[in-house]
Amino acid sequence: MTHAVCPGSFDPPTVGHLDIFGRVAALFDRVTVAVLVNPAKKGLFQVDERLQMLREITAGWPNVTVDTFSGLLVDYCSAQGIGVIVKGLRAVSDFDYELQMAQMNAGLTQVETVFLPTAPGYSFISSSLVKQVATYGGDVSHLLPPVVFTALQAKLASS
Ligand code: PNS
């Protein structure tokens, strides 16, 4: 059984993330979407809120589960029996750092990294830009799954 992980901060998950999850779900027997718990970096959404959103938007894929991890990703992969890390690549600018991480991770354990090209229509989307635009009143409704858009509106209204 091939088990892959899609790791990230997902603060919040975007339609670009969702596109990657669906394509990874079609490629591997089992997929874990894993949210990094990083106490040093406070996000807009609490980790629990991100987990809830991720569970809702991936509910249509029975082979996808959602989890958290802290520390090294390779240690999480070893503990869970995960052999493949999947990363979406939006542009060449993503490649340098992603290649560095993939090579570091492969050197630490035997874990492989697979890169999936982001769908062209999503290549400009990032969680941080979406938050920035939404904070100043820009329309990001087409960049987020509906449940995430609703949660972002509520979050910004309450902060
Ligand atoms: O969504 P992000 O913030 O770009 O995700 C980055 C993430 C979580 C995939 C990356 O920072 C990571 O794997 N962090 C875990 C710590 C770790 O393993 N660091 C060594 C990487 S070579």
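# Briefing: a ligand and the residues around it

Start with Ser9 and Arg50: a polar atom of the Arg50 side chain lies 2.9 Å from the backbone oxygen of Ser9. That makes a polar contact (a pair of N or O atoms within 3.5 Å; within protein, one must be able to donate a hydrogen and the other to accept it, and residues adjacent in sequence count only if both atoms are side-chain atoms). The model is predicted, so local features need pLDDT of at least 70 and side-chain atom pairs count only at pLDDT 80 or more, while totals for chains, interfaces and linings use all residues. Residues are numbered from 1 along each chain as its sequence is written, and side-chain values use heavy atoms, with hydrogens and water left out.

**Around the ligand**

- Who surrounds the ligand? Going up the numbering, you meet Pro7, Gly8, Ser9, Leu36, Phe69, Gly71, Leu72, Leu73, Lys87, Met101, Met104 and Asn105, where being near means having a heavy atom within 4 Å.
- Ser9 turns up here as well, with a polar atom of its side chain 2.6 Å from a ligand oxygen.
- Leu73 uses its backbone instead: a polar backbone atom of Leu73 is 2.8 Å from an oxygen atom of the ligand.
- On its own, the ligand has 550 Å² of accessible area, and the protein covers 70% of that (Shrake-Rupley method, 1.4 Å probe).
- Two elements, strand S1 (3-8) and helix H4 (92-108), each give two or more residues to the shell around the ligand; helices (at least four residues) and strands (at least two) are DSSP runs, numbered from the N terminus.
- H4 has the largest share of that shell, with three residues.

**The loop between S1 and H1**

- Phe10 sits in the loop that runs between S1 and H1.
- The phi angle of Phe10 is near 50 degrees, which is a positive value in a residue other than glycine.
- Is Phe10 buried or exposed? Phe10 counts as buried because its relative accessibility is 5%, with buried meaning under 20%, exposed over 50% and partly exposed in between.
- Pro12 belongs to the loop between S1 and helix H1 (15-27) too.
- Look at the link from Asp11 to Pro12: the peptide bond there is cis, with omega at about 0 degrees.

**Buried residues in helices and a strand**

- Val24 is part of helix H1, and its relative accessible area of 0% is why Val24 is buried.
- Val33 is in strand S2 (residues 30-36), and Val33 is buried because its relative accessible area is 0%.
- Val33 and Gln132 are 99 residues apart along the chain, with 24 Å between their C-alpha atoms.

- Gln100 lies in helix H4, the element with the largest share of the ligand shell.
- Why does Gln100 count as exposed? Its relative accessibility is 52%, so Gln100 is classed as exposed.
- Gln100 and His17 are 83 residues apart in sequence, and 21 Å separates them in space, C-alpha to C-alpha.

Technical notes. Buried means under 20% relative accessible area, exposed over 50%, partly exposed in between (1.4 Å probe, protein chains only).
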